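Biologist: I would like to learn how to read the packing of helices and strands in a model. Please take me through it with an example.

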Amino acid sequence: MDEPLTDSNYLILLALLEPKHGYAIMKEISEITEERVSIGPASMYTILKKLQKSELIRLEQDDDRKKIYLITELGIEKLEKEVERRKLFYLAGKRLLSERKEDSYDYR
């Protein structure tokens, strides 16, 4: 079975749909989560190394001051599968909560 992405991996891959360096990745994650999620530099760079090793991202540019990362085709495929997986969870939760709400009206 294909391993699901952690939330941090998922958000980093989303952020890397366009090339970015580390600080820009952290800023993008904060923006797309409406500042509810932040990933610190140490965690982020550890995750970036793992994503590179898994060939989900690649180092696009490496100059003295900035490393620019970009998602690979394999990373996009993984992200698309993960979106579908998370969508399934969301829809199941929404449906079950809605059914529960409807059931609770029956008991009144």
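Modeller: The turns below go through the helix contacts, the sheet and the aromatic rings.

Biologist: What should I know about the model before starting?

Modeller: It is a predicted model, in which local features need pLDDT of at least 70 and side-chain atom pairs count only at pLDDT 80 or more, while totals for chains, interfaces and linings use all residues. Residues are numbered from 1 along each chain as its sequence is written, and side-chain values use heavy atoms, with hydrogens and water left out.

Biologist: How is the packing of two helices described?

Modeller: Two packed helices are described by the angle between their axes and the distance between the axes. Axes are lines fitted to C-alpha atoms, for helices over the stretch in contact, and angles run from 0 to 180 degrees between N-to-C directions. Helices (H or I, at least four residues) and strands (E, at least two) are DSSP runs, numbered from the N terminus. Here, helix H1 (residues 7–15) packs on helix H3 (residues 41–53) at about 75°, and their axes are 10 Å apart. H1 and H3 are therefore roughly perpendicular, a label for angles of 65 to 115 degrees; under 35 counts as roughly parallel, over 145 as roughly antiparallel and the rest as oblique.

Biologist: Which residues of H1 and H3 meet?

Modeller: Contact means heavy atoms within 4.5 Å. Ser8, Asn9, Ile12 and Leu13 of H1 meet Met44, Ile47, Leu48 and Leu51 of H3. By class, this contact of H1 with H3 has 6 nonpolar, 2 polar and no charged residues. Ala, Val, Leu, Ile, Met, Phe, Trp, Tyr, Cys and Pro count as nonpolar, Asp, Glu, Lys and Arg as charged, and the others, Gly among them, as polar.

Biologist: At what angle do H1 and helix H2 pack?

Modeller: H1 and H2 (residues 22–32) pack at about 105°, with axes 9 Å apart. That makes H1 roughly perpendicular to H2. Leu11, Ile12, Leu14 and Ala15 in H1 meet Ile25, Glu28, Ile29 and Ile32 in H2. The contact of H1 with H2 has 7 nonpolar, no polar and 1 charged residues.

Biologist: And how far apart are the axes of H2 and H3?

Modeller: The axes of H2 and H3 are 11 Å apart, at an angle of about 105°.

Biologist: In what order do the strands of the sheet stand?

Modeller: Two strands pair if DSSP finds at least two bridges between them. The open sheet of 3 strands has the order S1-S3-S2, with antiparallel pairing. Strand S1 (20–21) and strand S2 (57–62) each have a single partner strand, so one side of each is left without a neighbour in the sheet. S1 pairs with strand S3 (residues 67–71) over 2 bridges, and 5 bridges join S2 to S3. Tyr69 in S3 is the bridge partner of Lys20 and also stands opposite Leu59. S2 and S3 form a hairpin with 4 residues between them.

Biologist: Which residue lies over the face of Tyr10?

Modeller: A charge sits over a ring if NZ of Lys or CZ of Arg is within 6 Å of the ring centre and within 35 degrees of the ring normal. Arg86 lies over the face of Tyr10, at 4.1 Å from the ring centre.
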